[in-house]
Amino acid sequence: MFVLGHVAVLLLIAAAVLASSSLSRFAKLEPGAEHLLGSMLGASALLLVSIHVLGVTNALWPGALFGVAIALSLTLIWLTREGETFTARARGSAGALWYSARRLGALARELWAAGPVALLAAGALLSALGWATVLTYVCPSDSWDGVWYHDLMVGYAIQEHGYAPIGLPDVSIGPLFQQANGYPRNSEMLSLVFAIYTGRTWLELPSVLGALTLALGTYAFVRRVAPDSRAAPFVWAAAIVLLPGVRLVMRSTYVDNAFAAFNLAAFIGPKGDWRFG
């Protein structure tokens, strides 16, 4: 079951990212960081929609989630195919992801040319993301708000197979627990994708992925506003993730990193579509 659970998660994420790559092509996002940013955030949104549909109908079972998420992914590819056949669109969207990943890989040469400050920033960024991922695997969830309601939302949604009200004890700290019933369920439900198939091991991984997405968004934004600077995109991408508030949210079930990444992407918009007002 351990292996099957991880395979299920990887298949769900791969299908959602592929469908969101098709959507990113439809939105004419630039290959590279912008395309990967759109694909990652689109995949998150697609998985959240799948969970919410099943959550509000109290039909949130592992098999149902897998079926709905795959169906939504295939539907999104079909709706954004722009006259192509389904197979051609899927193959082209996979190719766009591969091309964007290769472009980011080629940035290693640009990073070297950008000088020691950019190299140090990129090294610090990768170290923070890597270390947080290791801690996610080996340590239990221990964030303050996570204990009160983020973890609780995820666990009870799995246990009750939906978003039914959680029966909570009538004790002096009861109002704190009631946050699990009163607060909106959104980005923390990304943790459910991992927990429902693999247990608690990767419960906090979405916060690390959110930081990675936030770094991608920052890099893409700075490349746009400072196209002649080699070092600035790397330095600012590292700076945003190494902010104490962002760094402390990593390896938790907090939603701040994902929320920030979604807002930054909305602020940037497609090329030529600025959001300054």
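Guide: A salt bridge is counted where a side-chain nitrogen of Lys or Arg lies within 4 Å of a carboxyl oxygen of Asp or Glu. In general, side chains of opposite charge can pair when their charged atoms come close. The model shown here is predicted, and by this rule it has seven salt bridges.

Visitor: What is the N to O distance in the salt bridge of Arg25 and Glu84?

Guide: The side chains of Arg25 and Glu84 meet at 3.6 Å, N to O. Arg25 belongs to helix α1 (residues 2-26) and Glu84 to the loop between α3 (62-79) and α4 (86-114), so the pair ties together parts that are 59 residues apart in sequence. Arg25 is partly exposed at 23% relative accessibility, and Glu84 is partly exposed at 27%.

Visitor: Which parts does the pair Glu34 and Arg224 tie together?

Guide: These two side chains, Glu34 and Arg224, form a salt bridge at 3.0 Å, N to O. Glu34 lies in helix α2 (residues 33-56) and Arg224 in helix α10 (residues 205-225), so the pair links parts that are 190 residues apart in sequence.

Visitor: Are Glu34 and Arg224 buried or exposed?

Guide: Glu34 is buried, at 12% relative accessibility, and Arg224 is buried, at 14%.

Terms used: Residues are numbered from 1 along each chain as its sequence is written. This is a predicted model: local features need pLDDT of at least 70, side-chain atom pairs count only at pLDDT 80 or more; totals for chains, interfaces and linings use all residues. Side-chain values use heavy atoms; hydrogens and water are left out. Helices (H or I, at least four residues) and strands (E, at least two) are DSSP runs, numbered from the N terminus. Buried means under 20% relative accessible area, exposed over 50%, partly exposed in between (1.4 Å probe, protein chains only).
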